Amino acid sequence: MHNKIITKSHVLSAALIMLLAAPVFAKDDHSKKGHHGNHLPNMFSSENEHGRDATFSTAGFIDLDNPFFKSLGTNGRSCASCHIPSQGWTITPAGVQKIFDETDGLDPLFRLVDGANSPIADVTTLEKRRTAYSMLLEKGNIRVGIGIPADAEFELTNADDPYGYANENELSLFRRPMPTTNLKFISAVMWEGRETTLMPNSGDCLYGTDTCFSPVAFDLGTQANHATLGHAEALLDLTDEEREAIVAFELGLFTAQIHDNDAGNLSAEKALGGPKALKKQYYYFGINDTLVGDYQTGEPFNPAVMSLYDSWDRIKPNKSSNNTKNARAAIARGQALFNTKPIMISGVKGINDDLNINVLPGTCTTCHNTPNSGNHSTPMPLDIGISDESRRTPDMPLYTLKNKATNEIIKTTDPGRALITGKWKDIGRFKGPVLRSVASRPPYFHDGSAADLPAVVEFYNNRFNIGLTEAEKADLVAFLAAL
Ligand code: HEC
Ligand code: HEC
């Protein structure tokens, strides 16, 4: 099947498998009305380790005729090569391995340009392809190539790249594709916000400053064009119609977990899980801002960012045997921990340096401040230490950067925002992603270094010495998995 229908292969096979094997679509499927092309039904649902997600599209169905699913370049790839509806609109190692096995590693996902560990790797045999695409197979990581800006405050003094390619003109940065759903809530585009453009005195401005950004919908159009020229190796820009169609499609998608293996239906007993409630969630630039309060209402920052499971707070865990009740109570406790568990934030570039505070007492929601979405409502890339030398694993490159003025040295697996601004203080800074449907897209963080949700919680517990008990860790995981 993959060899015959190249452009839509993943999505179609995913759809067919779902239709044949697991009829989990919701009944309110408007997709057939007045539409005769290829589509996935609304509330298209996929299994994950913790249960099942679903995607609601404001178009009434997921339109597989949208240019998002078309091969618009020269290498057979579409946006859906790396943003697959059944893999949380990104790709997961399990999903990638299946495509590799079905196509002997020849599917358009496996392209030297950025699918391989090095763009000059040998991919002439099946076994060589397995080696060449190991980062994609094991972590679902794509190789993003970005050089050191000419006017940077630092220089590259060593590139320790296990794949023998990276240099100052092109560092190899192994990053997870970000989901192309729930984009209504984002305030910056890409992990380090490189597609977010400054727009003096108009657009979305940081409170009380003349630092302003172009609207996200505009940046998404530029991003779609760059993705086509880069990932799909197109020779021509997208047409305005194609850009607009892709952006309208992406902005209409909402994805969230709808069913939990233990807690069951995530909108039962007045809970607000699932994509339909998410679509109704209020959002604007600067909503519930952590530093100055809400940009529109002027209300002070409210740390109770997540309220989906407020109605499950009253559920008393039942010692006898009601597992569903116990699981719902755990999710509500996890939500409370996310909103209120004290975290002493220190050593975070973008917070402690910019605010000149050694220790900022906060919670998960100090950084994940957007109501019921969990990203940051203004562009605020932060260095929480994911790309630190101390966390480097042998499969990752390690870059030695030297400050041209002070000769100070930082070793990092990914300089992040600093490769865009050239600023020393921006090394290791990345945006906090939308946290909805996070169960659908392991592994986590920009480099896929946390294999699962328990590993994410473990990272935070160690990084900030939070002192979570085993029971609290389990509750936090139960909550994250229900997003
Ligand atoms: C080869 C894989 C690949 C293909 C093909 C691809 N992307 Fe991506 N996409 C990525 C990766 C990797 C990232 C994150 C890169 C980064 O931040 O440095 C990303 C990020 C994004 C984001 C940013 C989301 C956010 O929260 O900031 C959007 C939007 C997006 N892609 C849309 C598209 C569209 C539209 C297309 C088709 C025109 C496309 N992508 C094709 C791999 C891919
Ligand atoms: C100091 C700011 C900060 C705090 C506090 C914080 N986060 Fe994060 N979070 C981030 C940033 C920044 C990222 C992206 C980091 C990266 O990949 O480099 C992130 C990423 C994540 C991710 C990964 C999402 C994905 O798609 O890969 C999860 C899950 C998460 N955070 C949950 C939490 C939880 C739970 C807490 C509280 C225990 C918490 N965060 C506290 C800033 C923070």
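Is Asp104 buried, partly exposed or exposed? I looked this up first. Asp104 counts as partly exposed, at 40% relative accessibility. My cut-offs: buried is under 20% relative accessible area, exposed is over 50%, and partly exposed lies in between, with a 1.4 Å probe and protein chains only.

**Ground rules**

I am working on a predicted model, where local features need pLDDT of at least 70, side-chain atom pairs count only at pLDDT 80 or more, and totals for chains, interfaces and linings use all residues. Residues are numbered from 1 along each chain as its sequence is written, chains are lettered from A and ligands numbered from 1 in the order in which they are written, and side-chain values use heavy atoms, with hydrogens and water left out.

**Entry 1**

I stayed with Asp104. Its phi is positive, about 55 degrees, although Asp104 is not a glycine. I placed Asp104 in the loop between helix H2 (93-103) and helix H3 (126-132). Helices here are DSSP runs of H or I with at least four residues, strands are runs of E with at least two, and both are numbered from the N terminus.

Asn372 also has a positive phi of about 55 degrees and is not a glycine. I found Asn372 in the loop between H9 and strand S14 (398-403). Asn372 is buried, with a relative accessible area of 8%.

Next I checked the peptide bonds. Pro442 and Pro443 are joined by a cis peptide bond, with omega about -5 degrees. Pro443 lies in the loop between helix H10 (418-421) and H11. I noted the background: most residues other than glycine have a negative phi, and most peptide bonds are trans.

Ser440 is in the loop between H10 and H11. I read Ser440 as buried, at 7% relative accessible area. The side chain of Ser440 makes a polar contact of 3.3 Å with the side chain of Asn48. A polar contact is a pair of N or O atoms within 3.5 Å; within protein, one must be able to donate a hydrogen and the other to accept it, and residues adjacent in sequence count only if both atoms are side-chain atoms.

**Entry 2: the disulfide**

How many disulfides does the structure hold? I found one. The cut-off is a pair of cysteine sulfur atoms within 2.5 Å. Cys205 and Cys212 form the link, with their sulfur atoms 2.2 Å apart. The link of Cys205 and Cys212 is right-handed, with 100 degrees about the S-S bond. Cys205 is partly exposed at 27% relative accessibility, whereas Cys212 is buried at 2%.

**Entry 3: ligand 1**

I counted a shell of 28 residues around ligand 1, and the closest are Cys79, Cys82, His83, Met190 and Arg194. A residue is in the shell if one of its heavy atoms lies within 4 Å of the ligand.

I then listed polar approaches to ligand 1. A polar side-chain atom of His83 is 2.9 Å from a nitrogen atom of ligand 1. A polar backbone atom of Trp191 is 2.8 Å from an oxygen atom of ligand 1. Lys431 brings a polar side-chain atom to 2.9 Å from an oxygen atom of ligand 1.

Which elements give two or more residues to this shell? They are strand S5 (142-146), helix H5 (216-230) and helix H6 (240-251). H5 gives the largest share, five residues. By type, the shell around ligand 1 has 15 nonpolar, six polar and seven charged residues. I counted Ala, Val, Leu, Ile, Met, Phe, Trp, Tyr, Cys and Pro as nonpolar, Asp, Glu, Lys and Arg as charged, and the others, Gly among them, as polar.

**Entry 4: ligand 2**

Which residues come nearest to ligand 2? Of the 22 around ligand 2, I noted Cys364, Cys367, His368, His446 and Tyr460 as nearest. Cys367 counts as buried, at 18% relative accessibility.

An N or O atom in the side chain of Tyr460 is 2.6 Å from a nitrogen atom of ligand 2. An oxygen atom of ligand 2 is 2.9 Å from a side-chain N or O atom of Arg441. Phe445 uses a backbone N or O atom, 2.8 Å from an oxygen atom of ligand 2. Helix H9 (364-367) and helix H11 (453-463) are the elements that give two or more residues to the shell around ligand 2. That shell divides into 16 nonpolar, four polar and two charged residues.
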